Amino acid sequence: VRAGERPFECGFCNESFTRFASLRAHLRVHDNRSDGNKTCNICKKTFTFLCNLQRHKRLAHSVERPFKCTLCDKAYKANQHLKDHMRTHTGERPFKCEICHKALRQRSSLISHRYVHDKGSHERKHQCEHCGKSFYSIKDMRNHVRVHTGERPYVCAVCKSDFTQKTHLNLHMRYHTGEKPFACRICDRRFYRRQHVTSHMKIHNKGWPFCEICKKTFRSAKGLQRHEKKTCPKLHV
């Protein structure tokens with residue numbers, strides 16, 4: 001932890017600490033005031049501390065975003081997420097790779113980046129007990145295991161749709177909130193997902209797939225394939 005940084009925050013009172021052990025000790029103050037029920041009533045996941053349960057409900061099941069950016073209209077469920085976002089305005093990249101010195105905005109990005117260097121020297125030591133497939137990180141392995149178990153722990157608080165990964169729930173929530181974070185740099189049209197921008201850019205780049213027989217253009221390769229099978233099938237044999 002760098003000087004002055006207090007990355008471990010209490011979910012009850014927002015007091016922050018330099019060490020995780022200090023946070024755990026502090027949480028007992030709040031935990032002693034609780035009724036002892038630390039099980040999520042939505043997904044039945046259990047927690048050691050009540051504040052962790054409350055944080056889980058806010059991040060996984062709630063649509064509320066109380067932490068708002070003062071420079072743009074973005075809002076977040078957790079204060080740390082807002083802090084990470086603010087670096088997009090300030091340009092700060094405090095997390096540096098000790099191998100290649102690449103600087104990144106988030107600690108999680110640095111952890112993911114390290115796999116670029118680790119893959120050549122480290123083994124895939126986290127193995128799925130169901131199919132034997134192995135992974136570099138235990139997080140990736142746990143996400144994979146849900147393919148076998150059918151577990152879908154991330155539940156939408158609005159429509160009750162459930163998902164195997166938190167990132168999938170976050171993407172889904174944009175359809176409820178109307179958030180469209182990805183914009184076309186030419187016409188300012190906005191989209192829910194980055195890949196939708198990539199597909200949209202074909203309009204400006206005039207790179208749409210087209211039928212070589214009738215010259216009709218399509219927004220996707222699948223649309224062209226359907227056209228070739230139904231409209232011009234004999235000519236495409």
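Student: Is Asn-143 buried or exposed?

Tutor: This is a predicted model, in which local features need pLDDT of at least 70, side-chain atom pairs count only at pLDDT 80 or more, and totals for chains, interfaces and linings use all residues. Residues are numbered from 1 along each chain as its sequence is written, and side-chain values use heavy atoms, with hydrogens and water left out. Asn-143 belongs to helix α5, residues 138-149, where helices are DSSP runs of H or I with at least four residues, strands are E runs of at least two, and both are numbered from the N terminus. On a scale where buried means under 20% relative accessible area, exposed over 50% and partly exposed in between (1.4 Å probe, protein chains only), Asn-143 has 17% and is buried.

Student: Which residues does Asn-143 touch, not counting residues up to four places away in sequence?

Tutor: A contact requires heavy atoms within 4.5 Å. With residues up to four places away in sequence set aside, Asn-143 touches Thr-164 and Gln-165.

Student: How many disulfides does a search of the whole structure find?

Tutor: A disulfide is a pair of cysteine sulfur atoms within 2.5 Å. Cys-97 has its closest cysteine sulfur in Cys-100, at 3.7 Å, which is too far for a bond. Cys-131 is likewise in no disulfide, the nearest cysteine sulfur being that of Cys-128 at 3.8 Å. For the whole structure, the search finds zero.

Student: What is the relative accessibility of Cys-131?

Tutor: Cys-97 is buried, at a relative accessible area of 1%. Cys-131 counts as partly exposed, its relative accessibility being 45%.

Student: Which residue class has six members in the lining of the second largest pocket?

Tutor: The lining consists of Arg-65, Asp-73, Lys-74, Ala-75, Thr-177, Glu-179, Lys-180, Pro-181 and Arg-190. A pocket here is an open set of points on a 1 Å grid over the protein atoms alone, where a 1.4 Å probe fits, with protein on both sides within 12 Å along at least five of seven lines; lining residues have an atom within 4 Å of a point. Ala, Val, Leu, Ile, Met, Phe, Trp, Tyr, Cys and Pro count as nonpolar, Asp, Glu, Lys and Arg as charged, and the others, Gly among them, as polar. Two lining residues are nonpolar, one is polar, and the class with six is charged.

Student: How many helices and strands does the protein chain have?

Tutor: Buried residues make up 30% of the 237 residues in the chain. Its secondary structure comes to eight helices and twelve strands.
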